[in-house]
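Please keep the sequence and the three-dimensional view at hand while reading.

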Amino acid sequence: MKYLLIFTAALFLTSCGNDKKENATGNYAANAVQKTPLEQSVARGKEIYGELCVTCHMPNGKGVPGAFPPLNPSDWLTEKRIESIHAVKYGLKGEIVVNGQTYNNVMLPLGLDDQEVADVMNYTIQTWNKGEMVTAEDVKAVEK
């Protein structure tokens with residue numbers, strides 16, 4: 001009988017501790033801020049940029065004068081939406097003019113799917129420029 005009483009008391013104390021954890025988790029979840037779809041896309045795009053784009057366009061997006069165009073800021077990126085999506089999706093070869101300066105180099109295809117292209121575009125547009133959100137559907141609509 002003594003052991004049954006000790007077991008019941010231990011069970012009671014253990015279950016009280018779990019209730020506190022659930023309440024703490026519930027409160028944390030209630031206070032968490034949900035990110036918008038654009039914010040989520042920008043966060044994913046930042047990772048892609050850091051892995052694939054930073055080598056040529058630099059961590060600050062300023063590019064390399066005469067070799068790799070800037071994305072920070074970039075009139076070509078914001079004013080030539082379809083061409084920009086095409087370049088990220090399929091690569092780019094030939095002359096372009098960015099912020100009044102001519103660039104003539106090769107950007108190889110990055111092997112990104114449509115959502116990844118949209119994400120990295122959203123990162124560069126929202127971080128260093130102004131423009132509307134790029135969606136995977138926008139990217140899918142751009143053909144080779």
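The crossing of α4 and α5 is right-handed; a crossing is called right-handed if the near helix is turned clockwise from the far one by less than a right angle, and left-handed if anticlockwise. Helices (H or I, at least four residues) and strands (E, at least two) are DSSP runs, numbered from the N terminus. The model is a predicted one, in which local features need pLDDT of at least 70 and side-chain atom pairs count only at pLDDT 80 or more, while totals for chains, interfaces and linings use all residues. Residues are numbered from 1 along each chain as its sequence is written, and side-chain values use heavy atoms, with hydrogens and water left out.

Helix α4 covers residues 81–90 and packs against α5 at an angle of about 125 degrees, the two axes being 10 Å apart. Axes here are lines fitted to C-alpha atoms, for helices over the stretch in contact, and angles run from 0 to 180 degrees between N-to-C directions. The two helices α4 and α5 are therefore oblique to each other, oblique being the class left over once angles under 35 degrees count as roughly parallel, over 145 as roughly antiparallel and 65 to 115 as roughly perpendicular. On the α4 side, S84, I85, V88 and K89 meet D114, V117, V120 and M121 of α5, where contact means heavy atoms within 4.5 Å. The residues of this contact divide into 5 nonpolar, 1 polar and 2 charged; Ala, Val, Leu, Ile, Met, Phe, Trp, Tyr, Cys and Pro count as nonpolar, Asp, Glu, Lys and Arg as charged, and the others, Gly among them, as polar.

Helix α4 has other partners besides. Its buried residues are S84, I85, A87, V88 and K89, where buried means under 20% relative accessible area, exposed over 50% and partly exposed in between (1.4 Å probe, protein chains only). These residues pack against α3 (75–79), β1 (92–98), β2 (101–107), α5 and α6 (136–141). After α4 comes G91, with a positive phi near 95 degrees.

M121 counts as buried because its relative accessibility is 2%. Its C-alpha atom is separated by 8.2 Å from that of V42, 79 residues apart along the chain.

D119 also lies in α5, which spans residues 114–128. D119 is buried, with a relative accessible area of 2%, and, its neighbours within four places in sequence aside, is in contact with S41, R44, G45 and I48. T124 of the same helix α5 is buried at 4% relative accessibility. Leaving aside neighbours within four places in sequence, T124 contacts Y49, L71, L77 and N129.

The whole structure holds 3 aromatic pairs; rings of Phe, Tyr and Trp (its six-membered ring) pair if their centres lie within 6.5 Å, with planes under 30 degrees apart counted as stacked, over 60 as edge-to-face and the rest as tilted. Y49 and Y123 form a tilted pair, 5.4 Å centre to centre with 50 degrees between the planes. This pair joins distant parts of the chain, Y49 in helix α2 (residues 37–57) and Y123 in α5, 74 residues apart. Y123 also pairs edge-to-face with W128, at 5.4 Å centre to centre and 70 degrees between the planes. Y49 and Y123 are both buried, as are both Y123 and W128.
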